[in-house]
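Student: I would like a close look at one part of this protein. Please take me from one pair of residues out to what surrounds it.

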Amino acid sequence: MAFEAELFPDDILSRAEAHPKLRARDLAHQIGISEAALVAARVGQGVTRIDADPDRLLPAVEALGDVMALTRVEACVHEKVGRYANYHPGAHAAMVLNEEIDLGIFPSHWAHAFAVETVGEDGGVRRSLQVFDRAGDAVHKIYLRDGSDLSGWESLVPALALEDQRRVQPVEPRAPVEGPKIRADKADILRDEWAKLTDTHQFLRLCSKLKMNRLGAYHTAGQPFARRLDPASADKVLQDVREAGIEVMIFVGNRGCIQIHSGPIGTLRPMGPWQNVMDPGFNLHLRLDKIAELWAVEKPTQRGPAVSLEAFDDAGGLIFQIFGVGKEGRDSRPQWGRIVEAQSGLQEAAE
């Protein structure tokens, strides 16, 4: 494990002061360090190192009441407002599962965590809990809101504070994004096994067995299981979902956390390359120009076909997945399937 760059904490803060308007992720990139190193440089100055173990951290967050959960990848930011109720621990995978906050958590990537207090231009204090992986990349953040319970914060921080309050951040090399692992020689086996799926969770196990990954399987299988669409269709699908008033599930995740929104899309506000969902309780910020591949995917299940729209960046990294909500009394899957099929039809006509 190496230490971050050859910069002392005070040097990092000095450079940060020269770019007061940049967001932390962009600022760290500008300086040439990880985001965790940027946060660590402020330890003792409104920042406290805390235990990153989700089994300790997330049950404590429940006492904060309504907060904002944020999970992101480079091209997409997913924000949900709610309570961290109904936490389910697990050594390999844990969950927070309720109507508002729905998370899949991979504890092995929760390496460093900080309680952060920053003073805004208006003099107000913004409080957050920020979790990073071993490369210093953010996996999950939790922001207090005006109605959050400050007494819960005042109890949480000292209870989870670590003895180690260093201002330098040890990091490991970032694991490269894996491009599509295509196995043309396994195409017939993949299609045969794919057709026999009864649950979407079986799909990645199938990919692993055949020595390919998700995107590689889409390239290998092709139609009718996976259809490649024009990346511009992503924006059209979001608009169609809004206009239809249907409920969808939007997944955004990194190595350490997957965050899910289940519900409708009410307000879309494009801004430059970004398309933004700006709804009460849910915001999504999507860089449309970062979508290199867009796929319409269909997997059989015991409850009927699961249709998804899945976007990938130019390195093969997954940006988002969208499914139709299939709950009893709230089944949007048929309408969702028609929206995706319409884009598939347009793609075939263009070809």
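Student: Which residue in β10 is the bridge partner of F132?

Tutor: The partner of F132 is A138, in β10. Keep in mind that this is a predicted model. Now step back to the two strands. Strand β9 covers residues 125-132, and strand β10 covers residues 138-144. They pair in the antiparallel sense, over five bridges. Strands of a sheet pair through backbone hydrogen bonds, either parallel or antiparallel.

Next, the sheet around them. β9 and β10 belong to an open sheet of nine strands. Its order is β2-β8-β9-β10-β3-β4-β17-β16-β15, with antiparallel pairing. The edges are β2 (47-50) and β15 (268-271). Each has a single partner strand, so one side of each is left without a neighbour in the sheet. On average, neighbouring strands here are turned by 15 degrees against each other, direction ignored.

A helix packs on this sheet. Helix α5, residues 150-160, touches β2, β8 (112-119), β9 and β10. The direction of α5 makes about 40 degrees with that of β9.

Four bridges join β15 to strand β16, residues 274-279, and the two run antiparallel. Within this pairing, L268 has V277 of β16 as its bridge partner. β15 and β16 form a hairpin, with two residues between them. G272 sits in the turn, with a positive phi of about 60 degrees.

F251 stands opposite I260 of β14. In a regular strand the side chains alternate between the two faces of the sheet.

Now the packing of side chains. In soluble globular proteins, nonpolar side chains tend to be buried together. The largest nonpolar core here has 30 residues. Among its members, I319, F320 and W336 touch the most others. Several elements each supply at least two residues of this core, including α9 (233-244), β13 (248-253), β17 (282-287), β20 (318-324) and α10 (333-350). The largest share comes from α9, with four residues.

A second, separate core has 28 residues. It includes L57, L58, Y84 and L160.

Is I322 buried or exposed? The cut-off for buried is under 20% relative accessible area. I322 has 3% relative accessibility, so it counts as buried. Beyond four places in sequence, the contacts of I322 include L238, V248, I250, V307, L309 and W336. I322 and E79 are 243 residues apart in sequence, yet 15 Å apart in space, C-alpha to C-alpha.

Turn to a pair of helices. Helix α6 (residues 187-195) packs with helix α8 (residues 214-221) at an angle of about 100 degrees. Their axes are 9 Å apart. The angle makes α6 roughly perpendicular to α8. On the α6 side, the contact is made by A187, L190, R191 and W194. A217, Y218, T220 and A221 make it on the α8 side. By class, this contact has six nonpolar, one polar and one charged residues.

Last, the backbone in some loops. P224 is found in the loop between α8 and β12. The peptide bond from Q223 to P224 is cis, with omega near 5 degrees. N86 has a positive phi of about 70 degrees, although it is not a glycine. It is found in the loop between β4 (76-82) and β5. N86 is partly exposed, with a relative accessible area of 40%. K211 is not a glycine either, and has a positive phi of about 60 degrees. K211 has its place in the loop between α7 (202-209) and α8. It counts as exposed, at 56% relative accessibility.

Notes
Residues numbered from 1 in each chain as written. Predicted model: local features only at pLDDT ≥ 70, side-chain atom pairs only at ≥ 80, totals over all residues. Heavy atoms only, no water. Pairing = 2+ DSSP bridges. Axes fitted to C-alpha atoms, helices over the stretch in contact; angles between N-to-C directions. Contact = heavy atoms within 4.5 Å. Core = buried A, V, L, I, M, F, W, Y, C linked by side-chain atoms within 4.5 Å. Buried < 20%, exposed > 50% of the residue type's maximum accessible area, 1.4 Å probe, protein only. Parallel < 35°, antiparallel > 145°, perpendicular 65-115°, else oblique. Nonpolar A, V, L, I, M, F, W, Y, C, P; charged D, E, K, R; others polar.
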